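Here is a short note to read beside the model. Take the points in order, and keep the 3D view open as you go.

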Amino acid sequence: MKQYVVTRPLYSEDAFTDAHEKIHRHHKTVRCDLKRTKNAALSLLPFIGWMRIYQLKEWLLSDIVSGVSTGLVAVLQGLAYSLLASLPPWYGLFTAFFPVIVYFFLGTSRHISVGKYCACVCVYELEQRRRGNQEVSLWKSIGVDARSRQAPLLLSQLAMGLLQVGFIVMYLSDTLVSGFTTAAAVHILVSQLKFVLGLVVPGLSGPLSIVYTLEKIFVQIEKTNMCDLVTSILIMVVVFIVKEINDRYKAKLPVPIPIEVIMTVIACGVSYMGKLSNDISPSQSVRYESPIAPNIQIFGQTAAEAFPMAIVGFAVAFSVAKVYSVKHDYIIDGNQVSPKTRTLGGGVGRQGGTEKCVYCCLTCISFGASNIIGAAFKSFAASTALSRSAVQESTGGKTQIAGLLSALIVMVVTLAIGFLLEPLPKSVLGAVVIVNLKGMLMQIREVPYLWRRDRPDCVVWLVTCLASILLGLDLGLAVGLGIELLTVVFRAQFPRCSVLANITGTDIYKDRKDYMSIYEPEGVKIFRIPSPIFFANIDFFRGKLVEVGFNPLRVLRKRNKALRTIRKLLKKGKLQMTSKGLLLTSSGPIEESEDESNMEDLDQPTDFKELPVQVNWNSELPANIQVPRVDVHSLILDFSAVSFLDISALKGLKALKELIRVEVEVYIVACDGKLKKLHSCKFFDDEVKSSMFFLTLHDAMLHVLEKHPVNSENTKVCKKV
């Protein structure tokens, strides 16, 4: 085993500051130079960064296959969701084209596909709430104002990016994201059941809407279209098997087998030859029109509800992007500009919170701009299409080239060959969508792992998932975020404090409950606080200190009461000074002083004036005076894990005076970054001095052993440290 020897002085914080001059750092000023301007421009157009390092031979074929597959699904989904919302079919096709084109240039994730589901649900829920949750589709009554009512939602997304409100998503943990996206996948699954079973089920929204939807499905389950059901099951089985083959042999296959495309073509052919009833009729004359501005008068009616909807849509986008970034081992951040520090296949340098916040803002801007431009061309609000994103990723998509190709497929279908999809049943679409949800639905396997490893995180996952399923995505996200923040508060408010001991023969200190070969000098306690100290946990911290040793305030008051009693007995002549100390000269019961007139004096340092001798509190006192025994002479507080102290904590730490007044020496270690604040807040005085601060635990321990020598054997053991 390798060893090292370090010889250096024993440092307190004051000694170290005197021996080593510190650099006074100045805050950087913002400079406007060419490099910064270039980086800022590139950050607004992230596609330039990854296009510069695009691996043509390795990625192009995969992107083409993924783009074609995603494009066909986008066409089918566009038609289906348009019909679901009682809008003309081409509204959905426009939504699958214009926002995707804009997101190609401004988008920050390379796997998500811009689409209709989450935003459609959000806007639909908004209108349902405004009109009393009617079961009939509301888009018919909205008419021309359909896009105008989305305007506040779209501008809210853009404003969130410009005002840098996207930092809210920084509070979405991986656990919360996993539970939330699983719930979103369940919502999609339920929404596709009506197509798989061939039933007519009205769209519902709001809390428990998924329960009511399932109720309406099972009430008319006997009306199931067996042809649709058999077709869906057959397609799901085939697609599932082929996808498993793609996953198992992806190293040997040049590109994944585009099974969705193959099954769509086969289904169209079978439906046409069998003259089955068609569900989708996009063959009407469609053309792209000139853009028009939204109705500004509608802003006041929906602006208050649009902002939380924008948050939900953005949260879904960020959540899905985060899932895929973890799966493909790359980091999503705002600095999408430097090919020297990142590659598309991974190896992205981890960035701090600032870059993550920049990413959030850029995502808001990209979705806001995509929706504003799309709405001008008759598309309705778009966010992340969960099922299409799953298709784009699972079919081998590498970059947003696949998204661009999917938009081109939509354009071709819209303008030229839409009639070929006339025979296609919607059950085919539902089957393809359900199979592609496998990855998100299988996230439920994380629950047993979380339960074994971190139960608070498991609670966050379960509550977020269940709340999002039952209450809807918007309320579910709010509930999950609230539970997550509560767990953070509880972890910080009730941390696991520990008493440390020296590992024999080293300068290492660990929890004394975890190791056998430890050394604890008599009368020394080392207490570790593993969290920030602030107003919410300062009382908990003081309570834990009492559990470790004793209640210093109670001891101090008992000692001052004892001194009052001793002075009273001396004045009455019942105590006499001898060579052996104070001796009781009278018999009979002796009552302790119960003078309540000056109770505040009991909290002051013990005063031995007017006494002929200093009292040894750990020895037997005369007149049967009882004072709690204190076996600790030194207390070392390890602040290495304390990231900050607030004003309430500083006031609470003033209670260290109580320990000092009962003759317990207090030392604080690893408090370097907080000393400046302590000085500025005038924390130090005649009792609490800066000399009590040390660089490391070992420095403090050696200082204690110098002041309180132990027997030679133990000293030898400690010198090995």
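1. Start with one term. A residue is buried when its relative accessible area is under 20%, exposed when that area is over 50%, and partly exposed in between. By that rule, the buried residues of helix H6 are Phe98, Pro99, Val100, Val102, Tyr103, Phe104 and Leu106. That is 7 of the 9 residues of H6 (residues 98–106), so this helix is largely enclosed by the rest of the structure.

2. Now the whole chain. Please keep in mind that this is a predicted model. The chain has 721 residues, and 49% of them count as buried. Its secondary structure comes to 29 helices and 11 strands. Take the contacts between residues at least 6 apart in sequence: 80% of these join residues at least 24 apart.

3. UniProt, in an unreviewed entry, lists "transmembrane region" at residues 60–84, 90–106, 153–173, 193–214, 226–243, 401–421 and 459–483. Residues 459–483 are 96% helix and 0% strand. The end C-alpha atoms of residues 459–483 are 8 Å apart. Residues 193–214 are 50% helix and 0% strand. Here the end C-alpha atoms lie 9 Å apart.

4. How do helices H10 and H12 pack? For H10 (residues 174–197) and H12 (residues 226–248), the angle is about 120° and the axes are 7 Å apart. That makes H10 oblique to H12. On the H10 side, Phe195, Val196 and Leu197 make the contact. They meet Asp228, Leu229 and Ser232 of H12. By class, the contact of H10 with H12 has 4 nonpolar, 1 polar and 1 charged residues.

5. Stay with H12 for one more residue. Lysine 243 lies in this helix. Is lysine 243 buried or exposed? Its relative accessibility is 12%, so lysine 243 counts as buried. Beyond its neighbours within four places in sequence, lysine 243 touches Glu260, Ser394, Thr395, Val435 and Asn436.

6. H20 brings Glu446, Val447, Leu450, Trp451 and Arg453 to the contact. H21 brings Arg455, Asp457, Cys458, Trp461 and Leu462. By class, that gives 6 nonpolar, no polar and 4 charged residues.

7. Phenylalanine 490 lies in helix H22 (residues 473–493). Its relative accessible area is 45%, so phenylalanine 490 is partly exposed. Proline 456 is 34 residues away from phenylalanine 490 in sequence. In space, their C-alpha atoms are 9.7 Å apart.

8. Which residues does aspartate 511 touch beyond its neighbours within four places in sequence? They are Arg496, Ser498, Val499 and Leu500. Aspartate 511 sits in strand E4 (residues 509–511). At 9% relative accessibility, it counts as buried. With arginine 496 there is a polar contact of 3.3 Å between the two side chains. A polar atom of the aspartate 511 side chain also lies 3.0 Å from the backbone nitrogen of lysine 513. Alanine 501 is 10 residues from aspartate 511 along the chain, and the two C-alpha atoms are separated by 6.2 Å.

9. Finally, check two backbone angles. Most residues other than glycine have a negative phi. Leucine 208 has a positive one, near 65°. Leucine 208 is found in the loop between H10 and helix H11 (209–219). At 35% relative accessibility, leucine 208 counts as partly exposed.

10. Lysine 682 also has a positive phi, about 55°, although it is not a glycine. Its place is the loop between helix H27 (675–680) and strand E11 (693–694). Is lysine 682 buried or exposed? The relative accessible area is 70%, so lysine 682 is exposed.

Note on methods: Residues are numbered from 1 along each chain as its sequence is written. Side-chain values use heavy atoms; hydrogens and water are left out. Axes are lines fitted to C-alpha atoms, for helices over the stretch in contact, and angles run from 0 to 180 degrees between N-to-C directions. Helices (H or I, at least four residues) and strands (E, at least two) are DSSP runs, numbered from the N terminus. Angles under 35 degrees count as roughly parallel, over 145 as roughly antiparallel, 65 to 115 as roughly perpendicular and the rest as oblique. Contact means heavy atoms within 4.5 Å. Ala, Val, Leu, Ile, Met, Phe, Trp, Tyr, Cys and Pro count as nonpolar, Asp, Glu, Lys and Arg as charged, and the others, Gly among them, as polar. UniProt positions are given in the numbering used here, feature names are shortened, and annotations may be inferred rather than shown by experiment. Buried means under 20% relative accessible area, exposed over 50%, partly exposed in between (1.4 Å probe, protein chains only). A polar contact is a pair of N or O atoms within 3.5 Å; within protein, one must be able to donate a hydrogen and the other to accept it, and residues adjacent in sequence count only if both atoms are side-chain atoms.
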